[in-house]
Amino acid sequence: MNLSASRRHVLQLAGVGLVAAGSGLPRLGQAQPAAAPATGPVLLNFNECPYGPSPAAQQAARDSIAGSGRYQFALAGQVRDAFVAQAGIPAGHVRLYPGSSEPLNRAATLWTGPQAALVVADPTFETLGDMAAARGAQVQKMPLRNDGAHDLRAMAAAAHSQPTGLIYVCNPNNPTGSISPPAELAWLLANKPSATRVLLDEAYLQYSDQPSLIAQVAQRDDLIVLRTFSKLYGMAGLRLGVAAAHPDRLRELASLGENPLPVPALAAALASLQDPQLIAQRRLQNAKVRQATIAWLGKRGFSCVPSEANCFVVNVQRDGNAFAKAMADNGVVIGRSWPIWPQRVRVTVGTEEEMAAFRQAFAKVAGVPA
């Protein structure tokens with residue numbers, strides 16, 4: 001398998017289900033459960049949440065198994081209603097999917113092609129670009145700014161240069177974790193071609209203090225916002241995601257077919273949405289570990305792009321793929337490099353114990369003090 005393939009593209013091609021395991025993050029003030037003994041390499045490569053589903057979500061998923069012989073459409077409605085209540089948008093502007101990869105792929109199928117280009121950042125999450133290119137669309141890649149953020153003005157200009165079906169903005173971006181603030185996104189929406197839709201992927205937004213643009217789907221028919229339960233909620237292997245958009249756009253997405261949703265994922269998602277402390281707890285935990293790791297790297301002369309997600313990109317000052325292989329040989333699997341940044345690699349933020357193992361392996365491979 002091509003190791004440069006992105007995670008969702010790998011899953012799409014191979015049909016592999018990855019189970020996110022581990023203990024749930026405890027409530028503030030409670031003792032941390034003892035970590036399970038390590039049984040393999042430290043996995044810091046797929047931007048998974050190392051804590052897995054919350055304890056309440058795990059219990060809800062287990063309890064749902066007995067009733068999962070039926071489709072549980074009412075449960076799907078409960079999840080939708082809980083989501084829209086928090087997002088502040090009408091129920092008719094939301095549709096659930098088994099992960100956010102599916103609506104992402106559908107968007108490429110519907111809104112890109114030989115006469116409808118795609119504009120993306122470089123580097124960014126690549127599945128949409130791969131799908132659009134396979135459909136004969138021209139994929140225009142706009143390099144990130146020097147601060148690591150999307151160059152939204154360059155992306156708007158590229159969209160004006162030829163008929164463009166979609167502009168894709170991953171916010172925070174994958175692989176960098178960099179953010180585009182609301183004012184810049186508002187500028188993009190106001191200055192893009194009127195016929196071009198913006199696909200805003202907010203898979204990592206809950207790790208940031210950045211406000212969401214999701215409420216704008218109630219006023220616009222050219223904005224599609226994606227969310228997922230795979231990241232902060234720790235449900236990568238359970239598969240549940242959300243597409244929020246004008247009802248006309250949702251009908252277009254649904255025109256490619258529908259399937260009932262997995263009952264354990266619905267039960268876990270509902271329990272997650274009903275936990276008022278979970279987002280703040282995990283955001284704080286992730287930020288603490290991420291910032292400490294980036295500070296450690298900085299003190300040893302290795303720069304990182306500013307991140308507000310559960311991943312970051314570090315300049316290893318040598319061939320990134322070779323560095324990643326050496327890290328794997330030392331028991332820590334990290335992400336890859338990108339063609340535009342061959343000396344930078346992506347690292348997922350793990351637990352404190354996992355990042356201690358990362359530092360030990362990094363110091364050995366890079367030849368710096370631990």
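The questions and answers below walk through a predicted model of one protein, from its overall make-up to single residues.

User: How many helices and strands does the secondary structure of the protein come to?
Analyst: The model is a predicted one, and its elements can be counted along the chain. The secondary structure of the protein comes to twelve helices and eleven strands.

User: What percentage of the residues in the protein is buried?
Analyst: A residue counts as buried when its relative accessible area is under 20%. With that cut-off applied to the 370 residues in the protein, the buried ones make up 55%.

User: Among contacts between residues at least 6 apart in sequence, what percentage joins residues at least 24 apart?
Analyst: Two residues are in contact when heavy atoms lie within 4.5 Å. Taking the contacts in the protein between residues at least 6 apart in sequence, the part that joins residues at least 24 apart is 74%.

User: Which elements are included in what covers the buried residues of α9?
Analyst: Helix α9 spans residues 263-273 and is mostly covered, since eleven of its eleven residues are buried. Among them are Val263, Pro264 and Leu266, as well as Ser272 and Leu273. The cover over these buried residues includes α2 (55-64), α3 (73-87), β2 (94-97) and α10 (278-299).

User: What is the volume of the largest cavity?
Analyst: Rolling a probe the size of a water molecule over the atoms shows where empty space is left. A search of the whole structure finds two cavities of 30 Å³ or more. The largest cavity has a volume of about 60 Å³.

User: How many nonpolar, polar and charged residues does the lining of the largest cavity have?
Analyst: The residues that line the largest cavity include Cys49, Pro50, Tyr51 and Tyr207, along with Arg282, Gln285, Asn286 and Val289. Asn310, Val349 and Gly350 belong to the lining as well. Sorted by class, the lining of the largest cavity has six nonpolar, four polar and one charged residues.

User: Is Arg106 buried or exposed, and what is its relative accessible area?
Analyst: Arg106 lies in helix α4, which covers residues 101-111. Leaving out residues up to four places away in sequence, Arg106 touches Tyr97, Leu253, Ala254, Leu256, Gly257 and Glu258. Because the cut-off for burial is under 20%, Arg106 counts as buried, with a relative accessible area of 8%.

User: Which backbone oxygen does the side chain of Arg106 reach?
Analyst: The side chain of Arg106 makes a polar contact with the side chain of Glu102 at 2.5 Å. At 2.5 Å, the side chain of Arg106 also reaches a backbone oxygen, and that oxygen belongs to Gly257.

User: Which residues is Asn45 in contact with, leaving aside its neighbours within four places in sequence?
Analyst: Asn45 sits in the loop between β1 (42-44) and α2, and with 14% relative accessibility Asn45 counts as buried. Once its neighbours within four places in sequence are set aside, Asn45 is in contact with Val333, Ile334, Gly335, Arg346 and Thr348.

User: How many Å apart in space are Pro182 and Gln210, C-alpha to C-alpha?
Analyst: Pro182 lies in helix α7 (residues 182-191), and at 31% relative accessibility Pro182 counts as partly exposed. Leaving aside its neighbours within four places in sequence, Pro182 is in contact with Gln210, Pro211 and Leu213. Pro182 and Gln210 are 28 residues apart in sequence, while their C-alpha to C-alpha distance in space is 7.8 Å.

User: Where is Pro172 placed?
Analyst: A cis peptide bond joins Asn171 and Pro172, with omega about -5°. As for its place in the chain, Pro172 is in the loop between β5 (164-170) and α7.

User: What is omega for the peptide bond from Asp122 to Pro123?
Analyst: Pro123 has its place in the loop between β3 (117-122) and α5 (127-134). The peptide bond from Asp122 to Pro123 is cis, and its omega is near 5°.

User: What is the value of phi of Gln317?
Analyst: Gln317 is in the loop between β9 (311-315) and α11 (320-329), and Gln317 is partly exposed, with a relative accessible area of 45%. Its phi is positive, in a residue other than glycine, and the value is near 65°.

Definitions and conventions:
Residues numbered from 1 in each chain as written. Predicted model: local features only at pLDDT ≥ 70, side-chain atom pairs only at ≥ 80, totals over all residues. Heavy atoms only, no water. Buried < 20%, exposed > 50% of the residue type's maximum accessible area, 1.4 Å probe, protein only. Helix = DSSP H or I, 4+ residues; strand = E, 2+ residues; numbered from the N terminus. 1 Å grid on protein atoms, 1.4 Å probe; cavity = no way out; pocket = protein on both sides within 12 Å on 5 of 7 lines; lining within 4 Å. Points joined across faces, edges and corners; volume = space filled by probe spheres on them. Nonpolar A, V, L, I, M, F, W, Y, C, P; charged D, E, K, R; others polar. Polar contact = N/O pair within 3.5 Å; in protein donor to acceptor, adjacent residues only side chain to side chain.
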